[in-house]
Amino acid sequence: MNPSRLRLLHSNTSTVSLLSIYNKPKPPSHNYTITLLTSSTRFSTSAMSSAFQKHLNYPLARRDSSVVDDYFGTKLPDPYRWLEDPDSEETKEFVKNQVKLTDSILQECELRDKLKDKITELFDYPRYYAPFKRCDKYFYFYNSGLQPQTVLYLQDNLDAKSEILLDPNQHCDDGTVALSTYSVSEDAKYLAYGLSSSGSDWVTIKVMRIEDRNVEPDTLSWVKFSGITWTHDNKGFFYNRYPAPNEGQTSDAGTETNSNLNQELYYHFLGTDQSEDILCWKDPENPKHFFGSEVTDDGKYLLLSTTESCEVVNKVYYLDLTSLSSGLESFRGGKELLPFTKLVDNFDASYGAIANDDTVFTFRTNKDAPKYKLVRVDLKSPGIWTDVIPQSENDVLEVALPVNKTQLLVCYLRDVKHVLEVRDLETGSLLHHLPLDIGSVDDISAERKDSVVFFRFTSFLAPGIIYQCDLNTDAPEMKIFREIVVPKFERSEFEVDQVFVPSKDGTKIPMFIVARKGIKLDGSHPCLLYGYGGFNISITPSFSVTRVVLLKHLGAIYCIANIRGGGEYGEEWHKAGTVAKKQNCFDDFTSAAEFLVSNGYTQPKKLCIEGGSNGGLLVGACINQRPDIFGCALAHVGVMDMLRFHKFTVGHAWTSDYGCSDKEEEFQSLIKYSPVHNVRRPWEESSNPMSQYPSTMLLTADHDDRVVPLHSLKLLATMQHILATSLENGPQKNPIIGRIECKAGHGAGRPTQKQIDEAADRYSFMAKVVDASWID
């Protein structure tokens with residue numbers, strides 16, 4: 001259903017997946033290997049002396065002994081509570097001193113400039129996304145290479161000259177204003193679009209008249225976690241916003257830490273002030289709820305989806321817009337909410353609308369189907385639900401889109417690779433398999449009324465192929481519409497394997513391994529292991545020029561461990577890495593690391609682990625639990641204080657995955673792995689008196705209002721104190737540093753140059769630590 005364009009990865013407008021991940025066609029080989037390995041293996045770290053010559057003078061941070069919390073009789077000090085205030089002079093001084101320390105360390109990283117130059121060179125290639133159609137016009141996104149932000153283009157038809165419709169790069173000189181959400185009106189006369197600044201989740205919606213590119217006066221503020229949904233009369237659109245903060249409460253949107261509560265659904269009429277918008281729905285009795293809206297393809301129904309957290313469940317209400325005798329106009333100035341009818345009024349499963357024929361609706365759901373299925377219900381008989389496409393035994397039904405009037409384009413995830421099928425909308429029966437190589441479909445453009453669909457395919461070794469597929473034939477015609485080419489990248493030099501590694505409890509964990517062809521498994525290679533493991537998010541194959549540079553010029557091996565907590569095998573796989581079972585994520589990841597060492601891919605001092613957001617938590621927990629097996633750790637924007645995360649911005653939504661310290665049983669689980677609360681001195685728990693933590697870089701940003709910077713700052717202060725500054729001459733010689741970016745957020749919308757600079761910094765640090773040499 002609308003919108004017709006679907007991004008399978010990294011949606012910025014999702015009201016469910018509020019913890020996003022970092023960026024993500026065809027492998028020449030795909031071997032499946034099972035190697036048994038016990039997770040009790042321990043490795044010697046005695047050789048892990050610091051790669052840096054200078055003595056590290058960590059800045060001293062005040063420890064406030066007066067702050068002690070009582071959790072069900074357990075008293076826990078929180079000496080760095082003051083770092084939770086981003087506006088205090090003391091916090092600013094702490095950040096300033098950490099930046100100075102990190103800069104001094106990075107100056108010793110000899111490969112920093114070479115990495116930056118080579119990443120810049122390879123990054124400079126044209127990137128296209130699948131075109132999408134609205135009315136009789138086509139739209140697509142394009143970046144010529146090093147443009148800070150991707151640009152939206154317009155064509156009258158696929159053969160016509162392209163014209164720039166919206167260029168976010170014109171909004172500021174440093175590229176920190178990004179397009180975060182957009183929607184074209186049904187008649188293709190207006191573009192409503194949301195801009196975010198400095199990486200913040202806060203969005204300002206503007207409206208452009210497409211014909212002459214005139215930007216209308218309409219300005220909608222305090223928008224967050226919202227899509228834009230036009231009514232088919234083209235008079236306006238639905239969107240979500242939060243109450244404006246009190247005057248003086250925030251001076252720089254995106255740096256505040258207060259909770260996001262009381263989201264509301266509004267309708268905006270074109271040409272009016274935001275103060276005149278219709279309040280369509282609110283739920284003050286449930287201030288943590290989120291709302292999503294969409295208008296059906298026939299323009300008749302408005303669907304309201306309500307979620308209470310990141311748990312993959314939602315309520316569904318509907319409104320027949322044609323039943324409003326005087327239209328939405330009759331609600332102007334009134335206090336009545338829209339008269340929705342309840343279809344699903346409990347949080348027992350996920351329901352996503354796919355298509356409707358009048359009152360008959362098709363939904364994708366995980367109700368009694370952890371790998372998802374399609375079901376059908378008639379609004380006239382809301383108690384009768386029938387299966388259209390039953391749950392697959394092995395594959396996860398990720399996406400279904402109505403196309404060619406009576407058909408469905410269905411995307412399955414099979415062992416972490418995408419499979420595309422065409423099915424009958426009425427019966428669900430299989431009509432065609434669409435041939436794909438091993439990789440991911442990350443961008444689909446389809447409308448029910450059109451027979452032609454576009455989708456983009458990518459993999460570790462393919463930058464992207466946009467396919468055009470005509471379904472109005474006996475055998476669907478797939479042709480390459482555009483192929484993305486990276487100069488000086490030769491995919492034949494590399495290979496991709498997928499192995500299945502037994503975790504601590506015997507569960508087989510899939511892991512991709514990308515490396516140069518013909519490497520010797522002698523333990524000599526630098527290795528980068530990436531993981532996420534949360535919020536039902538699947539990490540599928542994708543292309544990265546930065547990774548190519550590491551493979552080609554550092555001789556590195558790159559690996560992704562698809563650990564539990566993600567969505568790779570459906571909701572059961574997800575639930576197996578949440579709340580009381582969160583430890584499975586860390587066991588899976590360390591088992592993957594042990595596999596790489598035991599099978600000769602690398603050795604502990606050359607093994608670097610990396611993760612962002614929930615993956616940052618993964619890295620933080622793993623270096624606490626197994627500092628012996630890693631030589632380097634890169635933790636981006638991680639959730640590090642597991643006892644207080646729910647108190648800041650949108651953290652309350654994550655309790656579905658983590659639990660909450662306000663509940664005793666869940667506190668007992670959280671305290672066991674919370675990174676801030678589990679920093680230990682390895683040399684006191686090991687027979688090796690020289691044991692230490694791996695060289696660690698914690699990365700955060702001043703405008704991250706998703707996982708606020710206080711998480712990384714508190715862990716940074718804690719690690720530096722326990723491992724270094726509290727001792728005269730302790731064994732911890734490996735540096736513990738923080739990279740704190742300005743005018744940046746959780747990751748989405750980061751301009752190209754900032755991406756390149758950060759990559760050069762963190763990977764030159766890694767290269768220095770793991771003793772990687774440059775290969776021309």
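Asp588 forms a salt bridge with Arg564 (a side-chain nitrogen of Lys or Arg within 4 Å of a carboxyl oxygen of Asp or Glu), the closest N and O atoms being 2.8 Å apart. Because Asp588 lies in helix H5 (residues 583–598) and Arg564 in the loop between strand S37 (557–561) and helix H4 (571–575), the pair ties together parts that are 24 residues apart in sequence. Helices (H or I, at least four residues) and strands (E, at least two) are DSSP runs, numbered from the N terminus. Asp588 is buried, at 0% relative accessible area, and Arg564 is buried at 5%; buried means under 20%, exposed over 50%, partly exposed in between (1.4 Å probe, protein chains only).

The model is predicted: local features need pLDDT of at least 70, side-chain atom pairs count only at pLDDT 80 or more, and totals for chains, interfaces and linings use all residues. Residues are numbered from 1 along each chain as its sequence is written, and side-chain values use heavy atoms, with hydrogens and water left out.

The count of salt bridges comes to 50. Lys714 and Asp641 also pair through their side chains (2.8 Å, N to O), and both residues are buried. Salt bridges with shared partners join Asp69, Asp78, Arg81, Glu84, Asp641, Arg644 and Lys714 into one network.
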